Amino acid sequence: MRLEKVFDFLASLKLSVVVLTLALVIVFWGTLAQVNMGLYKAQNEFFRSFFIYWQPQGATWKIPIFPGGYTVGFVFLFNLLAAQIKTFELSVKKFGLVLVHVGLILLLIGQLATDMLAVESTMHIREGEAKNYSEMDRYVELAVINTTAGDRERVTAIPQDALTHESEIQDPSLPFAIHVRHFYPNSAVTQVDPMSGEKGVATQGFGPQVSVRETARETDMNRRDMPGALLELTTPQGSLGTWFVSLWIEQPQHVHVGNQEFEVVLRPQRLYKPYTIHLLSFTHEVYPGTEIPKDFSSMVRVQNPQTGEDRQVRIYMNNPLRYGGETYYQASFDTDNKGTILQVVRNPSWLTPYFSCVLVGIGLLWQFLVHLIPFLKRKVAL
Amino acid sequence: MKKFLPWLVVGVFAAWVLAGLLPSTEKTFHTREFGQLPVLRDGRIQPLDSVARNSLRQLRNRQSVLLENGKSMSATAWLMETLMKPEAADDLKVFRIDNDEVKSLLKLPVGEKYFSFNQLRPNYNELSKEGQRIDQIDSKHRTAFENQTIKLYSATMLYQRLKVSLKPAGTDDFAAELKDYEAAIGPGAAAVSAQQQGKSYDTNAFDTIVGFLSDYNRAAQFATGLFVPPTNPAHTHQDWKTMGAVLMDAVRGEPLPPAVGAYAAMVSSYRHNQPVEFNQALAKYRLWLDEKMPAEVRKGRQEYAFNFFDPFYKATVIYVVALLAALAFWFTWGEWLRKSAFNLVVLAWVLHTIGLAARMYLERRPPVTNLYSSAVFIGWGSVILGMVLERIYRDGIGCVVAAIVGFVTQVIALNLAINGDTMEMMRAVLDSNFWLATHVVTVTLGYSAMFVAGLLAIIYVIRGVFTSSLKRATADGLSRMIYGIVCFATLFSFVGTVLGGIWADQSWGRFWGWDPKENGALLIVIWCAVILHARWGGLVRERGVAVLAILGNIITSWSWFGVNMLGVGLHSYGFMDSAFKWLVLFVASQLALVAVGLVPLKMWKSFQEEADDAPLPTPAPAK
């Protein structure tokens, strides 16, 4: 009996209206919040969250004050499912509504899947260069490269999550342990003035020459955090000293342990592919006599040793390359027009919106005509 | 007699429209033919008349100049003066300044609105200093004064660039000067090369050529618009050049294209007030163009015809008349008025359609490419809906809606046009006719429907509260209209929004990115769903749907304009200061109407007989 009531509540139109109104508020609020917070942060706080929190300036605590996008999305999903189960009826008059709601359910599930599964990265290639990996903009990794063995380098990549915990990291392939003394999510790095007597942040590598200041996280969509980490490397014999790695420092720093040579560098997290992409040429066209961009396009060559493929493709605006389960879009370019930046997206559920659009569109049209035609007939008869 | 009146009314207006097409002859300078000459500007071939109109819009928000003697000067006539006799153009009051602080910066009288360049000249340094300072400020953070100052500053820059676009500064008799220049090139080039090698050289020849070149170089750097067409048969848009650039090229031994001589002859005869010689030179140049680049000439002529016929302006006038007729019908219930109103709406809509089609043909684009054209298209779609409603219900409501939305969207479009060329080229990511035709058109039709539903709701509330004319049958009819139009809006907004997502997936790699414009479209879809479900669930009835539909106006206007003003996201087209003020006023007015709509039914002038006894009947089940 009680379960029935819960079900009726879940399937009710009143709940639909409440949920839709909440969604309206969240979308509006979240859009306004982008002005100050930036798109990325507003997205996470309003749409990709179960609750929207209120945090007074400078406070360390926060309280939930409004349901977030996930909560509303899930309730909406249950509401749709329950309503479909409760009122399901296959008739000409209602078939359109069934299509609409099934389409919406598909859309919601598809977007949830996108949120969970999609991976975005970028591939920056200069003309004449080739790459077999893309880089994550918002994640870094600590690469420890063993350069002793001569021509074949062995790379140990430590992901950002392991660094943020500021703990001790051990890897059987490394003769030393890495203690993350401090992780800077975003930082500014400056050269130490030797005359001032100021000390550098670390004892080894570039450490003595630079000082670091922790800065607020970037919220602007177009700018990225510049993380850094202060590391202490230890062997069973004792400490080797401290190193400071940062996205600001692109050059690798050297570590000697016995007769082994290593390089450490903090870099955007890499996603390797079983194929390479060469940039043959990049073109940036403008309309004559203006600065208005007409087209950006990258002529690339895809080489895949596994399949024996070796072909040329042009990637340009509104015409991405879909290859190997990933999609390559023309996203940006170097200011000297000699390099391209491709956005690389892996999204297994990319087709769901296409299906759901077709379903809902047909459903709405169906419903519209089912009412309009008899109405017009009546009017004509009058 | 009354039977023919509606046809007579529409006949009069049709005659007025057609009268605009009658040919007329020009006695002195052939301004019209000059206005048709093609140039390459803003990345596209356009007639000089479009250059003139777009420039004037930026300078004074209008497409013509009002002279001090009360006469009007056509855009092309003004452009001819500016290009060929700039010292005289400097006295024409073409700069509109509204802001008193800007006037005081330039020490101008506060009581006036239009100023000549010569009036700005004494304190131009102040303007230029401020303009350069403000240019560094992010447009989001500019004050009203700063916005107006930079607007005036860019207008003066544009004006000064136009002044050197055809005739180099300091040139008087261009045709004669051209001959001197050609004669000076040989000895001048020899002198320059000798000077560079440290040998003795002819100082006279050296000074002469350097004198020419310094003027021409300035013209090459500052000119706006590529006036000189290429001569090679296999030319592209890349080959068009500025007058200054071809004059500079001549010193390197390149022959001067025929256009230079032709324009020089026109400049000389214009300056010496010799219309016959001017018209001859113009005709000769047009003959050459006809032969060498028929496509560009055609484009120039067609766009000129569109500018000249100005179908949108004529449609706007007729919408106003139609509105008056339809409102008069509500007071007198003379059926001939309603029919006249309907006929006029149809006539205006035909003009509206001609304008839209002409723009699509000229641009080779779907109807909506920018905010300006979205306003025109929203009006067009709404008028169709209004006409359909009028055909079904025959109660004047459809006519009122069609005429109001038709008129208001034209006014909005006119105000959006002051930023310059409304047929601007599409930025790379937007350069896709397929998506512009599908996503943009459907979303825009969704806006149309929302505004029509909102306006119907306003009519419901105003007639219900302030008059007793809202009879049960009319109210039911209105309510059904609102409901039907909201259903239509749901269909178009949803499909349009999802198509937008799919376009985003195609060009940016994600279906949904919570970009403000995407969110705006989503809000409309959600709001439609709220209205429909609230009605089906019995949470609201007739009046409630009307109030919700008025709130829909706010959401739609926010989605159309408001999100662009946030200055964030991929769709932001810059902060629009003056539009913001209007948006706030609009939202306030809609909230006031919502408040009126929420007044208890007892206080409504209509429905008095039913308010006391029975509650409003619930609407028939929707499904």
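How much area is buried between chain A and chain B, and what share of it do carbon and sulfur atoms give?

## The model

This is a predicted model, in which local features need pLDDT of at least 70, side-chain atom pairs count only at pLDDT 80 or more, and totals for chains, interfaces and linings use all residues. Residues are numbered from 1 along each chain as its sequence is written, chains are lettered from A and ligands numbered from 1 in the order in which they are written, and side-chain values use heavy atoms, with hydrogens and water left out.

## The interface

The area buried between chain A and chain B is about 4800 Å². Carbon and sulfur atoms give 73% of that area. Buried area is the accessible area (1.4 Å probe) that two parts lose on being put together, summed over both. A:Leu24, A:Pro288 and A:Asn318 supply 13% of what chain A buries against chain B, more than any other three residues.

Now count residues. In chain A, 55 residues are in contact with 57 residues of chain B. Contact means heavy atoms within 4.5 Å.

A:Arg322 and B:Asp505 form a salt bridge through their side chains, at 3.7 Å from N to O. The term needs a side-chain nitrogen of Lys or Arg within 4 Å of a carboxyl oxygen of Asp or Glu.

Which element gives the most to the side of chain A that touches chain B? It is α2(A), with 14 residues. Helices (H or I, at least four residues) and strands (E, at least two) are DSSP runs, numbered from the N terminus. The residues on this side of chain A divide into 34 nonpolar, 14 polar and 7 charged. Ala, Val, Leu, Ile, Met, Phe, Trp, Tyr, Cys and Pro count as nonpolar; Asp, Glu, Lys and Arg as charged; the others, Gly among them, as polar.

## A hairpin in chain B

In chain B, strands β1 (residues 38-41) and β2 (residues 44-47) pair in the antiparallel sense over 4 bridges. Pairing takes at least two DSSP bridges between two strands. B:Val39 has B:Gln46 of β2(B) as its bridge partner. The hairpin has 2 residues between the strands, and B:Asp42 takes a positive phi near 50 degrees.

In a regular strand the side chains alternate between the two faces of the sheet. On β1(B), B:Pro38 and B:Leu40 lie on one side, B:Val39 and B:Arg41 on the other, and all are buried.

## One arginine

B:Arg44 is in strand β2 of chain B. Is B:Arg44 buried or exposed? B:Arg44 counts as buried because its relative accessibility is 7%. Buried means under 20% relative accessible area, exposed over 50%, partly exposed in between (1.4 Å probe, protein chains only). Beyond its neighbours within four places in sequence, B:Arg44 is in contact with B:Val39, B:Lys299, B:Glu303, B:Asp421, B:Met423 and B:Met425.
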